[in-house]
Amino acid sequence: MRRALSHPSFMIGLVLTGFIVTIALLSLFWTPHDPGKMQILQRLRPPSVQFWLGTDQFGRDIASMLMVGARNALLVGIVAVGIGFVVGMMLGVFAAQHEGSLLDEILMRLLDFTFAFPAVLSAILILTFLGPGVVNAVIAIGIYSVPIFARLARGAALQVFSRDFIRAARLAGCSRLSILRRHVLPNIAGLMIVQASLQFSLAILAEAGLSYLGIGTQPPNPSWGRMLFDAQTYMARAPLVAVFPGVAIAMAALAFNLLGDGLRDLLDPRLKER
Amino acid sequence: MLRFLARRGLSMAATLLVAAIVIFVVLEILPGDPAVAMLGVSATAENVAAIRLELGLDKPAFTRFLYWISGLFVGDLGISYSYRVPVAQLIAERLAVTVPLALLAQMLAVLMGITLGVFAAARAHSRLDAGIMALSQLGVATPNFVFGILLILAFSLTLGWLPAGGFPGWGEGGWRALRALALPAFSLSLPQAAILARITRSAMLEALSEDFIRTARAKGLTRGQIIRRHALPNALVPVITMIGLQFSFLVTGTIIVENVFSLPGLGRLVIQAIGGHDVILLKSLVLLFVGAVIVINALVDIAYGIVDPRLRKMPR
Amino acid sequence: MMKIGPETPVPASSGRLRRHARLGTACSTILAAFLCSNGLATAQNRDSVTVCQTLEPTILDPTASAAAAIREVTYANIFEGLVGFDRNSKLVPRLAESWQASPDGMKYTFKLRAGAAFHDGTPVTSADVKFSFDRAGAPDSKNPQKWIFEPIGAVAAPAPDTVEITLKTYAADFLEGLAWGDAIILSEKSVAKAATEPVGTGPYRFVRWNRGDRLVLERNDAWWGGKASIKSATFRFIADPQAQVSAMLSGDCDAFTNIGAPEAVDQLKKDGRLVVTIGSTEGETILAMNNAKAPLSDIRVRKAIAMAVDRKLVNEGAISGFGTPIGSHFSPNHPAYIDLTGEVKFDTKAAKALLAEAGLANGFKVSLRLPPPAYARRGGEIIAAMLAEIGITAEIEPVEWPQWLERVFRNKDFDLTVISHVEPMDLNIYARDGYYFGYSSPELKAAVAATKTARSEAERKAAFEAAQRQIARDQVNAFLFMLPKITVAKKGLTGMWPSWPMPANPLAELKWE
């Protein structure tokens with residue numbers, strides 16, 4: 001029953017993700033127009049045969065910009081989640097290995113502490129300090145997902161460590177590293193991947209938010225959040241210019257949320273949300 | 001119980017102190033000079049020195065930190081560099097926008113979220129349930145600023161019902177102020193409502209599957225009565241916890257939403273303080289946001305400790 | 001709430017009425033009542049005016065901060081100088097009734113106006129003038145325009161209504177300087193509160209300030225110039241362009257001093273209740289270049305950049321084409337202006353050839369730092385795209401004002417930036433050593449010095465012309481356009497300045513018809 005129910009959302013997530021990935025990959029080779037080409041006298045045109053989704057305030061082709069924007073969003077997601085995933089997993093497993101030690105305590109306290117700083121506010125401060133830009137935004141978003149992965153990895157690893165087969169492996173004289181590689185990591189990987197998918201969606205939303213505030217991705221690189229910000233001023237004249245990037249952001253976040261939920265159900269039905 | 005409270009309170013105070021230190025250090029090294037920021041393109045070295053003296057920037061950092069922290073206890077947060085009025089006064093003025101906005105949004109979120117969640121659970125696995133859950137997925141995926149812009153498009157630009165932004169102030173009558181807050185609060189509440197609907201639904205389903213429900217059903221209570229009197233009160237504990245946890249998202253959500261609707265609240269003040277390099281204002285503002293999150297999380301923890309039946313049973 | 005008098009014209013807007021009629025059927029529920037309650041917002045009260053503007057000042061003392069927003073609120077409203085500018089940049093008497101300059105131009109004698117008084121009732125005397133100018137010129141002064149006071153040798157107060165100023169160096173622009181908002185007359189008694197609760201001499205007195213939202217002024221009935229027409233005036237601050245437009249359309253603002261959404265002008269013009277006036281400011285908007293840094297130190301490179309930038313399209317894309325094109329750093333409103341826009345023609349091919357000549361055929365990378373205003377951010381994005389056409393990669397970095405001032409202006413850590421120099425008559429910045437352009441030219445310094453020492457108008461005009469040519473010839477920066485002033489006012493409200501010889505909104509000139 002549960003499995004059957006979970007499948008539709010997984011499938012929708014998969015299809016949407018596939019669509020976004022395809023578009024992003026396609027944009028590497030082809031876009032309907034040059035996304036950076038400004039034709040100021042053709043600005044704010046409604047959708048037409050020539051410009052499928054119309055043009056923006058500088059007369060750039062919105063469809064092409066959205067395509068390259070998809071690439072940007074995916075790249076931000078991959079790198080930011082990658083940072084969080086790798087660093088978080090290392091910290092979490094490390095803490096689990098030294099459970100109860102002072103080091104573990106300090107590490108966990110530190111991670112708890114970061115939760116006290118609201119993500120948006122911290123990202124704004126980090127970006128004011130480091131200077132705005134997509135690289136710094138990715139770092140800020142990545143840093144923010146470290147504690148989430150670390151906590152998850154620590155909890156999952158603790159469970160694995162308490163299992164009998166680990167004790168058996170230890171008794172058999174396996175090295176720490178090989179226990180980690182052969183037993184611990186494979187056992188927590190599923191959980192981490194599910195979380196990665198959900199974090200991916202959060203990373204895309206975070207980048208969009210920061211770019212909306214003008215401190216994320218900088219022009220001429222197209223970013224959905226920035227397109228939305230630019231469009232807001234022209235909304236009375238060309239409402240669709242604001243609608244398209246908004247839809248793109250929501251669609252991408254939805255895709256990875258559904259994918260994550262679906263994966264969770266498929267990998268381990270017991271993990272179904274509370 | 002008392003020990004639990006004391007321990008929780010102490011750790012909260014420690015976290016706040018560490019937060020204050022981190023904020024101070026980070027803001028001290030922000031690039032830019034407030035004195036130059038105030039004088040603009042015509043500033044001379046003499047001008048700048050005069051301003052730095054007036055702002056107390058010539059004193060060592062540690063002294064300024066002590067001033068700040070000791071001032072916090074008596075409500076004296078110093079004088080804003082850029083506005084030249086007490087920081088406490090600036091913050092108090094802005095709270096009159098941000099607090100109503102956050103509360104209104106929270107109310108809307110709870111109202112919409114719980115109602116939808118209960119309906120979904122009551123008709124579990126029906127089309128209504130599927131529809132509500134699909135909507136909630138969309139709600140979770142759509143950030144509040146996207147909602148904000150779509151709402152402006154629909155209700156301000158197309159229908160002309162509500163203002164697209166700005167705030168008339170409470171002095172012009174509460175009605176106009178509330179109208180200005182309607183769209184921001186709504187866009188702030190939608191993602192929260194979506195999350196609450198999902199939590200409510202699963203908590204309700206869990207409650208509905210428990211033994212006492214079967215007993216109640218056996219006693220001949222109607223479905224509505226069972227949901228209202230038995231299932232909902234039991235499902236509320238996780239829902240309330242979630243509301244607490246989400247409150248910090250709501251508070252920081254105001255930063256972006258106030259910028260979408262150009263409301264003169266704390267969130268906009270943060271951006272203005274960054275824009276004016278008003279470090280003295282910024283550090284108190286950031287601490288206020290961080291402190292709110294820390295305090296609320298601690299309160300949720302404590303409330304959970306009190307409400308949780310297992311803790312309730314413990315001897316005092 | 002606003003009063004509705006019998007003589008008050010209620011603007012009839014068919015669109016609005018229809019909208020409400022349509023809604024009327026739905027207005028029975030509480031929600032609908034909530035949505036419908038703004039119906040009366042357009043009724044007009046002739047005793048009050050709400051003037052809206054983009055930027056909010058952070059303090060109100062123009063002698064302590066250079067922010068234009070301060071002057072927009074206080075100039076000729078709260079504060080006055082001995083003299084002032086009118087809407088046509090003409091020098092007019094304010095606190096000084098008359099003045100006389102000695103034949104050699106080294107001594108000025110001002111006769112103060114009888115009846116001029118501060119808002120707290122104390123009369124304005126020569127002692128206040130001496131206090132204000134001594135304070136502004138003192139070594140520890142925070143006055144943002146110290147050059148105004150630098151020529152002053154001594155200020156004397158021989159009688160309560162007479163001020164004598166002796167110059168130590170001749171300055172042809174001395175009187176002009178005294179008309180700036182930085183040369184206002186303050187009282188020693190109230191100067192400490194000038195930043196937050198100003199006490200001035202002008203036609204309006206400060207009442208209250210809800211920061212982040214509005215500032216309320218009230219007519220000063222004891223003003224030397226008589227009673228202003230409107231009793232109560234409110235400045236509202238609305239930063240977001242979209243919100244500015246809706247505030248005008250909903251009637252929340254009676255006037256907008258310079259609306260930040262040029263793209264909405266057509267929409268506003270269509271509204272029969274509003275009048276839109278396109279004027280100009282004194283803001284020379286330029287693509288500033290770091291002349292001291294390679295490869296921009298090469299004039300061929302600067303010329304190539306200037307050629308690659310299509311001024312017309314930047315104007316169109318950044319501010320909907322409302323700017324007046326300029327070819328040098330000088331305002332077309334000034335009698336000494338010469339049109340140099342034809343000096344450099346938009347020509348991508350020639351630009352590329354020039355780059356090749358400079359040994360940069362393969363292009364190069366530069367930073368392009370952009371301050372917050374829309375003209376800079378949008379204009380910068382367009383310019384970056386144009387520079388890409390000739391192989392120059394401009395890396396855009398948006399910066400907040402403090403960072404711009406610190407990094408670009410002060411530390412000259414930049415290659416390119418887009419900025420509007422909003423101060424009037426600021427050509428002399430090109431003669432300043434260490435100014436952020438990194439430009440130094442003996443010819444230009446001589447020309448600028450000549451504008452100061454000129455003894456006749458003709459001589460001064462010739463000097464200004466020479467300076468304009470020199471700056472254009474050296475292609476110090478790429479000159480784009482003058483920022484427009486787009487004034488929107490309700491029909492019936494007259495007296496808004498159509499152009500800004502300096503940022504100011506004198507409320508005493510406003511009137512409801």
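Guide: A salt bridge is counted here where a side-chain nitrogen of Lys or Arg lies within 4 Å of a carboxyl oxygen of Asp or Glu. By that rule, a search of the whole structure, which is a predicted model, finds 34 salt bridges over all chains.

One of them joins Asp182(C) to Arg71(C), with the closest N and O atoms 2.6 Å apart. This pair links distant parts of the chain, since Asp182(C) belongs to the loop between α5 (174-178) and β8 (204-210) of chain C, while Arg71(C) sits in helix α3 (residues 68-74), 111 residues apart. Asp182(C) is buried, with a relative accessible area of 2%, and Arg71(C), at 9% relative accessibility, counts as buried too.

Another salt bridge is formed by Asp213(C) and Arg236(C), where the closest N and O atoms are 3.9 Å apart. Here the loop between β8 and β9 (214-219) of chain C, which holds Asp213(C), is linked to strand β10 (residues 232-237), which holds Arg236(C), and the two residues are 23 residues apart. Asp213(C) is buried, with a relative accessible area of 5%, and Arg236(C) counts as buried at 6% relative accessibility.

A further pair is Arg369(C) and Asp413(C), whose closest N and O atoms are 3.7 Å apart. Arg369(C) lies in strand β14 (residues 364-370) of chain C and Asp413(C) in the loop between α12 and β16 (416-421), so that the pair links parts of the chain 44 residues apart. Arg369(C) is buried, with a relative accessible area of 9%, whereas Asp413(C) is partly exposed, with a relative accessible area of 37%.

Leaving aside its neighbours within four places in sequence, Tyr430(C) is in contact with residues including Ile286(C), His329(C), Phe437(C), Leu444(C) and Phe479(C).

Finally, chain C meets chain A, with 16 residues of chain C in contact with 20 residues of chain A. Between them the two chains bury about 1700 Å², 59% of it on carbon and sulfur atoms. In chain C, Gln242(C), Glu263(C) and Glu381(C) lose the most area to chain A, together 33% of what that side buries. Glu381(C) is also linked with Asp56(A), Arg60(A), Arg226(A) and Asp230(A) in a network of salt bridges. The count between chain C and chain A is three salt bridges, and in one salt bridge between these chains the side chains of Glu316(C) and Arg43(A) meet at 3.2 Å, N to O. The largest share of the side of chain C that touches chain A, four residues, comes from α11(C), and the residues of that side divide into six nonpolar, four polar and six charged.

Note on methods
Residues are numbered from 1 along each chain as its sequence is written. Chains are lettered from A and ligands numbered from 1 in the order in which they are written. This is a predicted model: local features need pLDDT of at least 70, side-chain atom pairs count only at pLDDT 80 or more; totals for chains, interfaces and linings use all residues. Side-chain values use heavy atoms; hydrogens and water are left out. Contact means heavy atoms within 4.5 Å. Buried area is the accessible area (1.4 Å probe) that two parts lose on being put together, summed over both. Ala, Val, Leu, Ile, Met, Phe, Trp, Tyr, Cys and Pro count as nonpolar, Asp, Glu, Lys and Arg as charged, and the others, Gly among them, as polar. Buried means under 20% relative accessible area, exposed over 50%, partly exposed in between (1.4 Å probe, protein chains only).
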